[in-house]
Amino acid sequence: MNDQWDHTYDVVVVGSGAAGMAAALTARLRGLTALVLEKTDVYGGSTALSGGAIWVPDNFHLDAAGLGDTPEKARAYLDATVGDRVPAERKDAYVAHGPRMVKEFHDRTDVRFVYTPGYSDYYPERLGGYPQGRSIEPQVFDFRKLGPEQRAAMRRAGLPTYGLTITSKDFRQLNMVGRTWSGRRTALKVGAQAVRARLSGREMLSLGEALVARMRHSLDALGADLWLSAPLTGLVEEDGRVTGVRITRDGRELTVRARGGVVLASGGFSHDQRLREKYLPAPTSSEWSSAADGQTGDALEPATALGAATDLMDRVWGAPSVVPPDGKPFFLVADRGIPGMVIVDSAGKRYANEAAPYHEFVDAMYAHDGPEATTVPSWLILDSTSKARYIFMGLFPGQAFPRPWLESGFVKKAATVEELAAGIGIAPARLRATVDRFNGFARTGRDEDFHRGDSVYDRYYGDPTLPNPNLAPLDKGPYYAIPVHPGDIGTKGGLVTDATARVLREDGTPIDGLYACGNVSSAVMGETYPGPGATIGPAMTFGWLAAGHIARTRSAGAR
């Protein structure tokens with residue numbers, strides 16, 4: 001036995017995103033001591049940079065909204081999307097325990113969500129899919145509830161909200177501020193909220209920042225510890241069981257004992273170019289990733305050295321992205337749903353439904369990439385009418401593109417489609433033909449090539465004043481072109497786990513004392529992405545399950 005431990009806890013969690021904090025919260029709720037280790041000097045991981053939504057079928061918020069969701073419908077939908085790429089017992093565990101996680105955190109912590117009506121499942125037409133959506137997002141949170149040190153140490157998203165606190169529900173309406181009365185009313189509401197917050201001295205957070213702040217506030221209330229700048233350097237194994245971790249802190253090598261278990265929740269490997277090139281489709285670049293910068297797969301090697309199995313290592317949570325001159329990727333979500341816009345390959349041809357779920361669109365980018373016409377990058381073509389009508393890349397309707405974007409050539413601008421084509425190396429006649437064909441579809445209201453606007457999901461970010469919310473002609477200059485890359489919000493391959501988040505060996509046996517959740521683990525969603533929040537929802541659920549299993553195991557051992 002190692003009698004040289006520097007510190008001892010019941011549960012040691014590696015990673016401070018939603019997965020890790022959910023595990024630590026649950027450990028404290030079960031009466032166990034818990035430590036969260038964060039590699040970087042800020043906590044929150046990729047969760048803090050995200051929309052913060054979770055996709056958990058059959059939770060009590062959906063019941064209150066009268067959706068009539070059931071475990072059977074949820075399981076049918078997972079079968080129709082994930083299929084058999086993931087063991088049935090993991091899908092069953094998610095459907096059964098996700099709602100329990102949501103309810104317990106609501107009842108016993110400050111982690112609160114609200115239903116986002118209308119934010120459709122990504123494949124609502126499939127068996128068990130919900131056009132009304134199953135997504136719930138964090139309630140806004142007053143940042144002042146955290147102490148000064150905790151505020152300073154939280155990872156911030158830095159979204160271009162211009163001092164406004166905008167929820168995902170608000171954003172959908174705000175995107176139509178120049179088109180609908182509901183958009184204008186939402187703008188007035190959000191503006192009034194900002195004024196009231198300023199007058200009262202509050203700093204209201206939304207989206208992923210609200211979720212992280214709520215979880216941090218709850219960790220503090222429950223007495224869990226969180227160490228920053230404490231990277232994992234190894235796992236301690238004794239007699240076939242993981243009993244602790246090795247870390248670096250304040251320039252010292254430390255060992256921390258985990259009497260109950262170690263929970264790996266350290267994220268994927270989006271920012272390790274070597275691992276990207278080893279596992280992911282080519283071309284690939286960490287510069288296209290919107291994941292937190294500390295995600296370099298640190299936990300994979302020590303876990304696989306103990307025999308841990310991995311899966312889905314060639315997959316990412318795809319996010320078509322543009323990279324402005326400042327180098328910070330911008331993830332195109334709503335931007336691909338607006339009318340008056342197409343995305344084309346290097347030959348000037350459309351190759352997919354631009355408004356498709358983002359994960360699916362990245363898959364299409366790689367599927368159609370080839371020597372005759374590359375889709376990496378692709379080109380997003382936008383006309384001045386759409387630029388003036390809708391929010392685009394964080395710019396409000398009619399707001400000019402920043403001068404550095406134009407001067408650097410990141411955004412190409414031209415008076416005609418033909419001039420724009422010449423500026424991006426596409427045969428003018430080819431792009432003209434593509435735009436003319438698309439414009440014909442826009443005028444009839446049906447995209448005969450890729451069915452843009454047929455799905456309820458497509459229409460969520462579309463313009464409800466149009467016959468087809470996602471279609472309008474590109475017919476007014478100037479025209480703009482912006483390169484689009486197959487980015488990601490995280491990798492989805494990692495350690496194989498069971499229904500209680502225990503890490504498994506290649507032969508299917510668990511590594512005693514070792515658990516994993518979030519993007520360091522192989523995704524329960526397999527190769528697909530069923531709905532908004534299908535990353536954070538499982539991350540929190542399997543963190544909850546991991547800590548619960550540790551608590552039950554320790555309780556049984558005590559008897």
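Let's go with H11: seven of its 10 residues are buried, so the helix is largely enclosed by the rest of the structure. Buried here means under 20% relative accessible area, exposed is over 50%, and partly exposed falls in between (1.4 Å probe, protein chains only). Helices (H or I, at least four residues) and strands (E, at least two) are DSSP runs, numbered from the N terminus.

Before going on, bear in mind that this is a predicted model, where local features need pLDDT of at least 70 and side-chain atom pairs count only at pLDDT 80 or more, while totals for chains, interfaces and linings use all residues. Residues are numbered from 1 along each chain as its sequence is written, and side-chain values use heavy atoms, with hydrogens and water left out.

Back to the helix. H11 spans 358-367, and its buried residues are Tyr-358, His-359, Phe-361, Val-362, Ala-364, Met-365 and Tyr-366. Their cover includes several strands, namely E13 (316-322), E14 (330-331), E15 (341-344), E16 and E18 (479-491), plus helix H16 (456-459). That cover is judged by contact, meaning heavy atoms within 4.5 Å.

Follow the chain out of H11 and you get to a loop that runs to strand E16 (378-383), with Pro-377 in it. The peptide bond from Val-376 to Pro-377 is cis, with omega near 5°. There's another cis bond from Ala-282 to Pro-283, with omega near -5°; Pro-283 sits in the loop between H9 and helix H10 (300-305).

In the loop between helix H12 (384-389) and helix H13 (403-407) you'll find Met-393, which has a positive phi of about 50° although it isn't a glycine. Met-393 is buried, at 3% relative accessible area. Ser-229 also has a positive phi, near 50°, without being a glycine. Its loop lies between strand E8 (225-227) and strand E9 (232-238), and at 37% relative accessibility Ser-229 counts as partly exposed.

A few spots are handy for checking distances. Glu-419 belongs to helix H14 (417-423) and is partly exposed at 47% relative accessibility. Glu-277, in helix H9 (273-279), is exposed, with 56% relative accessibility. From Glu-277 to Asp-314 is 37 residues along the chain and 9.8 Å between C-alpha atoms.

Gly-494, in strand E19 (494-495), is buried with a relative accessible area of 0%. Leaving out residues up to four places away in sequence, Gly-494 touches Leu-300, Ala-309, Thr-310, Asp-311, Met-313, Val-520, Ser-521 and Ser-522. Lys-413, by contrast, is 81 residues away in sequence and 42 Å away in space, C-alpha to C-alpha.

Now zoom out. The protein chain has 17 helices and 21 strands. Its radius of gyration (over C-alpha atoms) is 24 Å, close to the 24 Å that the globule rule (2.2 Å times the number of residues to the power 0.38) gives for 559 residues, so the chain is as compact as a globular protein of that length. The C-alpha atoms fill a box of roughly 75 × 55 × 50 Å along the principal axes. Of the 559 residues, 59% count as buried. Among contacts with a separation of 6 or more, 74% link residues 24 or more positions apart.

For the interior, think nonpolar cores: sets of buried Ala, Val, Leu, Ile, Met, Phe, Trp, Tyr and Cys residues joined through side-chain atoms within 4.5 Å. The largest has 85 residues, of which Ile-54, Phe-105, Met-215, Val-263, Met-525 and Met-540 touch the most other members. Helix H17 (536-558) gives the largest share of this core, 10 residues. Apart from it lies another core of 33 residues, including Val-245, Leu-275, Leu-495 and Leu-514. As for Phe-105, its contacts beyond four places in sequence include Leu-25, Leu-29, Met-540 and Trp-544.
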